[in-house]
Amino acid sequence: MEISALLTSAGINISICIVLLSLYSILRKQPANYCVYFGRRLVCGGARRYDPFWYERFVPSPSWLVKAWETSEDELLAAAGLDAVVFLRMVLFSIRIFFITAIVCIAFVLPVNYYGQPKVHKEIHLESSAVFTIENLKEGSKWLWVHCLALYIITSAACLLLYFEYRTIAKMRLGHITGSASKPSQFTVLIRAIPWSPDQSYSDTLSKFFTNYHSSSYMSHQMVYHNGIIQRLLLDAERMCQSLKHVAPEINCKPSLTPCTFCGGLTATNSFHILSNEGDSVKGMELGEMTMTTPEQERPAAFVFFKTRYDALVASEVLQSSNPMLWVTDLAPEPHDVYWRNLNIPYRQLWIRRIATLVGAVAFMFVFLIPVTFIQGLTQLEQLSHAFPFLRGILKEKFINQVITGYLPSVILILFFYAVPPLMMYFSTLEGSIARSIRKKSACIKVLYFTIWNVFFVNILSGSVIRQLNVFSSVRDIPAQLARAVPTQAGFFTTYCFTSGWASLACEIMQPMALIWNLVAKAVSKNKDESYETLRFPYHTEIPRVLLFGLLGFTNSVIAPLILPFLLIYFFLAYLIYKNQILNVYITKYESGGQYWPIFHNTTIFSLILTQIIALGFFGLKRSSVASGFTIPLILLTLLFSEYCRHRFAPIFHKHPAKMLIDMDRADEMAGKMEELHKKLHNVYSQIPLHSQRSSSKGECSTPLANQELPDPEKLKPEEGDAIAKELWGYQGNESGQEHEDKSCPSASTPEHRTPTMIELHKRS
């Protein structure tokens, strides 16, 4: 790829980023868009809402960047939990290691590559990207020791940073376990595959079993029931309550007429009659009476509660019977993390489902070869023009040629990749995950494998086929073939960094789908209610993206280091944008407790070893026996470091330390808290949660940023208001800046005019 095509792609993507970031800094200040850009803060509540109106609302400003930069890690931990902190530490690690890598490779490796052969160089924009790669070195060059030394520096720095990060996050993981002392999941075991008996129900069988074999520690249990018609009706009622919120009556509770958006005619705003009479609804029906808890509805799964955390840990780790397919135990997830639908799946089906999803994922990988090969064809138009003469006319148009070969392939690949995360999440659901966090983690691993295979390996293979290079003929040829193929794809990987990195970050902060939906709701349906849907952070898409760019950075560092400055810009932008989104947009309802870090660590080690193998192949092609000899011990040392970390830190992320749980039990017994904790266990794992449980599950957003008293924006200077008052919701028409007070007449929306069932459903909405 020519540098001019690379610059064309960079220019297009830089323009997109500048426009979208400028639009964001304006749109975030508009009161109508606060439900899009400040969803987490609005859910947390406690913030006064104003409508500051001055000219700076319509001028781009970098105040959100300063706010994101100044937020400390402790504030972030309190706001979004451990998973968010771990994710941002992944980005910080990438910034540190690629800052070191960029300095070493740009200062030493890149000049060696550029002047590797004695020839007259063209102007930079007319050069081919190949002159900046290791391909430009002649065979037997004495300068290959520079690449070998750079490889040692990069590997040593990466392993050192990985060790310190792993140690720090392991301590955070242990702190997360001790900090959640009141969580019911530590006393609870999920048991599946309860054997069926014709003489008694599943509940009686379970009670008899644990009373007999765990009499000293067993306390009680909660059965899992079939999701029958009553549960579906309740779910429909909850959705209806959500819809009714958008049709709230006016303050005087009288129908009013407003002009239609399309035809201009008058339409009534109130389409519902408010029933305030208690006799018009079902009386005396409690929410617990609406569940079908008959023995016929019981499933062979239950939550078993134990007296201490240590008893629950022991019960979850040991086999309960001689048949491993019966009485299967696991530590229960948090109540709001339970994926209830999958608890109805018979345990004996799970291994078949896992095989089926694996086959489906592999089949989809092979189907995805078609668009990836087509994309590679666009990047290799010159080679294809020999077989297809009609392409020569396209190549004559210089700008069109630069757009097609430099910008279009990465855009098409990204568009195809939008179908991957939902499909992998569906596969993870079919596997039978018992927790939403486990399902998202499984989807993250699948997306990661899919992304690395298709973006890196398939692009290399298909590009080699199009250029009529020899594909891998034996295992011994893999390093040499990778060494030949990777430099030829350096240009494509750089443009992919522009499009999937820079432009995707700009789209992430703009939230285009949520913005469009909000505008449609306000313009078409005349919805004036400040309602909003909270979002969860998409770890299953963003972690694979960060790891993919890490892989591209490592593998190209000593081969084609031109990509490193662009990757460094991506990671800096990612740190600020993701931090802003976590603080303002995404809410944490459940988390894995930092279990994404081992994925990041293992993938980074894989990237380092792959980089060393590719460098070993190139040293062999360039006939440098000294550099090859020094690379082999480096591979072995990296593997030893990985094995040490696997034994030293990885078990902390898979098991709970017994010593820590016993200390927590003793501390609670001495403080007299154990009985209170036992009382809370009986109702927390209910398939139809009460309002208190639901509010506690939504209460994960208690943060120092949520409940803040704000001064009157009209008394602030514009530069002060831009950082504080402009960020929060404003009620239009409230010119005095005072806090708005709702004054409405009695209706069905007030608690005293609703049945107990409607009160409960209204609270849940």
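Student: Which residues does T555 touch, leaving aside those up to four places away in sequence?

Tutor: Contact means heavy atoms within 4.5 Å. In this predicted model, T555 touches F456, V486, L610, T611 and I614.

Student: Where is T555 placed?

Tutor: T555 lies in helix α22, which covers residues 539-557.

Student: Is T555 buried or exposed?

Tutor: Buried means under 20% relative accessible area. T555 has 0% relative accessibility, so T555 counts as buried.

Student: Which backbone oxygens does the side chain of T555 reach?

Tutor: The side chain of T555 reaches the backbone oxygen of L551 at 2.7 Å. The backbone oxygen of L552 is reached by that side chain at 3.3 Å.

Student: Now the surface. Which residues make the nonpolar surface patch?

Tutor: F99, I100, I103, W143, W145, L149 and I153 make a nonpolar patch of about 710 Å². Helices α6 (82-114) and α7 (144-179) each supply at least two residues of the patch.

Student: Why does I103 count as partly exposed?

Tutor: Partly exposed lies between the cut-offs of under 20% for buried and over 50% for exposed. I103, found in helix α6, has 47% relative accessibility and therefore counts as partly exposed.

Student: How many helices and strands does the protein have?

Tutor: The protein has 30 helices and six strands. Of its 765 residues, 51% count as buried. The accessible surface of the protein is about 36,300 Å², and 62% of that belongs to carbon and sulfur atoms.

Student: What share of the contacts with a separation of 6 or more is between residues 24 or more positions apart?

Tutor: Such residues account for 83% of those contacts in the protein.

Methods:
Residues are numbered from 1 along each chain as its sequence is written. This is a predicted model: local features need pLDDT of at least 70, side-chain atom pairs count only at pLDDT 80 or more; totals for chains, interfaces and linings use all residues. Side-chain values use heavy atoms; hydrogens and water are left out. Patches are made of residues with over 30% relative accessible area and no salt bridge: like charges are joined within 9 Å, nonpolar side chains (Val, Leu, Ile, Met, Phe, Trp, Tyr) within 5 Å. Accessible areas come from the Shrake-Rupley method with a 1.4 Å probe; for residues, only the protein chains shown count as cover. A salt bridge is a side-chain nitrogen of Lys or Arg within 4 Å of a carboxyl oxygen of Asp or Glu. Helices (H or I, at least four residues) and strands (E, at least two) are DSSP runs, numbered from the N terminus. Buried means under 20% relative accessible area, exposed over 50%, partly exposed in between (1.4 Å probe, protein chains only). A polar contact is a pair of N or O atoms within 3.5 Å; within protein, one must be able to donate a hydrogen and the other to accept it, and residues adjacent in sequence count only if both atoms are side-chain atoms.
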